Amino acid sequence: MRNPHAGLAFTTSDEEISAVLQDVSIPTLMLSLVHMTGDPELIRGHLKPAGLFLNEVQGYMTEGDKAEVRRLALEIIGNYRDQGCPEPAPIPTELLHEMMSWLVVEDVPDEYVPMLVEEMELDGTSQRPAPDPAAAAAREAFPVVVIGCGQSGLLAGIRLKEAGIPFTIVEKNAGVGGTWWENSYPGARVDVGNHFYCYSFEPSDRWSEFFAQQPELQAYFQGVMTKHGIEPHIRWETEVLGAEWDDGSATWSVRVRGADGTEETLTGRAVISAVGQLNRPSIPEITGQETFDGPAFHSARWDHDVDLTGKRVAMIGAGASGFQIGPTIAPDVEQLTVFQRTAQWMFPNPNYHEHVGPGVQWALRHLPFYGRWYRFLIFWPGCDKGLEAARVDPDYQGDQQVAISEMNDFARQMFTEWITSQIGDDPGLIAKVVPDYPATGKRTLQDNGSWLRALTRDNVELVRTGIDYIEPDAVVTVDGTRYEADIIVYATGFHATRALWPMAITGRDGVDLRELWGERPAAYLGITVPGFPNLFCMYGPGTNLAHGGSLIFHSECQMRYISQCIDALIDGDHRSMEPLQAKYDDWHNRTQAEIKTLVWAQPSVKHSFFKNSHGEIHGLSPWRIVDYWSWTHTPDPADFTIT
Ligand code: NAP
């Protein structure tokens, strides 16, 4: 069977190929030419990119060099077509490594190569472990309950199905996608490039935008679900109330409630929690909010029956969600008043709303391994560099209220310039929009200028004064100013620090997980918890990412690990496994020590959903992507009590 990454054969004319070549990423194209010809000399001459910047995929090359690559490419692609588009021969790892370093214009350290080869399937083979076919009957007797059908729950379903393990996915919503089902607010779009923000094994050559909007993302997950035949295993509109471990039978009893209110219990030998971290809306209590006369709803519960046209809208909260909602609704409403407690840092990304041209789509579909290298090109700049930039320099001599290191101060200057360059010399607005805490201290937003453009509209006002109370037709700030409103949008985020809440999970000896955790949730590698046998978390405590990567990448790491744990249970005919207390404690202590060295934990960042009421962070990963990949690659039986 032809390698799926080798691309579909084509008969496209030279003229059409010429047009395509105007659109594509030239450095990515060069590597595809190496696959087509098997000739590494193509990248050993003078044609090479001069630098790489996050989200810049066209490559810094002179126009003359780009023209030369296009001429070369036309000839090579034409020959390849005329030969019937034969599947390229596999490329040895050493050359792949050379190609990686060439593409990103720096030495890719050896330790990253196995991860990248696997993630990109660059050598043309899938290196994911295949289940042992001999244990098929035992697998059938090992039912698993998966909680949630967002990106991680769907992935769990795909891997369990491939392994021949019976499973049920319980999903509280009526459809697949989790975040991408619930967040249908105007302007919702992803902020990790889509050619990377998708399953490694399910690339799409059909993204219409580089950072797709919510309907397209939801449709992607729908398509993957259908392709893998997962839907028959899903119980929609069914909420998990709790789960209880029974030591006698070594099973979990999972209590669920369906849409009609009926409760029942499902039994599983293992439970995979795939509930995410950002889906229980948090609406702050504000005096008088219940007296408001008009519609009022949370960003993740958008009321599409409410027409905003010509209305006065008060948007309370402006983090990542508000940042997308504001510019999208501003042209339609009569007045938009944005109440923002903390200004946000934003990362300049002029291409944030760009469409994917037909040339790129053609290249993704037809040019061998173009899509794989394109994925790598987006992945690499966000792979561990952000973590080093987030590290506090204990010797830093500058103002620690606004920076944590020289590098961080440089980022502050760069971002400040980007902000001020857009709003001219309005000192009032500058004071409101330039943050007073270190750059990247909260989640940094992608920006193409639309936020500040919206704020400078006549019908938009940014209010940074605290809210005192709400009246039937207005929001009143502590300085007594009344802001009249017909509609309130709460873009106030989620209960992000309450892991697995509000489910009641009871482990061995009746221990309640929420009581055990309190405000300090933890799991070994973010996945397993002592006293909670055969419970596996995806996107669990300590695995959220603020420094780069993609949660889908993390989920694939976690699910590979979980699959191998389940394999070990089945193949060894074991009852249960749970991590050693010492491993869990050590992991938690090290994670806590590490996170304290990073920008997000600094006291200068006052308000952040990463922090609990003690100012501690338990949801985020402080670890390098390459380390997490390697630690989760193969479970070590010595880390577990296996019965
Ligand atoms: P968020 O980042 O937590 O922002 C919530 C907003 O509400 C902030 O402005 C916050 O102010 C404000 N707020 C919360 N409680 C408040 C209170 N008691 N009083 C006054 N203001 C209050 O929530 P979000 O915007 O929904 O985003 C959450 C996360 O979802 C993001 O960080 C990101 O991980 C993800 N997300 C991603 C995208 C994307 O990919 N583009 C889009 C949306 C969301 P403070 O800043 O002062 O706390």
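What distance separates the centres of domain 1 and domain 3, taken over C-alpha atoms? The two centres lie 41 Å apart. The chain of this predicted model, numbered from 1 as its sequence is written, is divided into domain 1 (4-125 + 357-382), domain 2 (133-279 + 496-642) and domain 3 (289-345 + 398-490), with bounds from an automatic or database domain assignment. Local features need pLDDT of at least 70, side-chain atom pairs count only at pLDDT 80 or more, and totals for chains, interfaces and linings use all residues, while side-chain values use heavy atoms, without hydrogens and water.

Counting a side-chain nitrogen of Lys or Arg within 4 Å of a carboxyl oxygen of Asp or Glu as a salt bridge, the model has 33 salt bridges. Among them are these:

| Salt bridge | N to O distance |
|---|---|
| Glu-209 and Arg-189 | 2.9 Å |
| Glu-202 and Lys-227 | 2.9 Å |
| Arg-520 and Glu-616 | 2.8 Å |

Helices are DSSP runs (H or I, at least four residues), as are strands (E, at least two), numbered from the N terminus. Glu-209 and Arg-189 both lie in the loop between helix H8 (179-182) and helix H9 (214-227), so their pair ties together parts 20 residues apart in sequence. Both residues are buried (under 20% relative accessible area; exposed is over 50%, partly exposed in between; 1.4 Å probe, protein chains only).

Glu-202 is in the loop between H8 and H9 and Lys-227 in helix H9, so this pair bridges 25 residues of sequence. Glu-202 is buried at 8%, whereas Lys-227 is exposed at 60%.

Arg-520 is partly exposed, at 37%, and Glu-616 is buried, at 19%.
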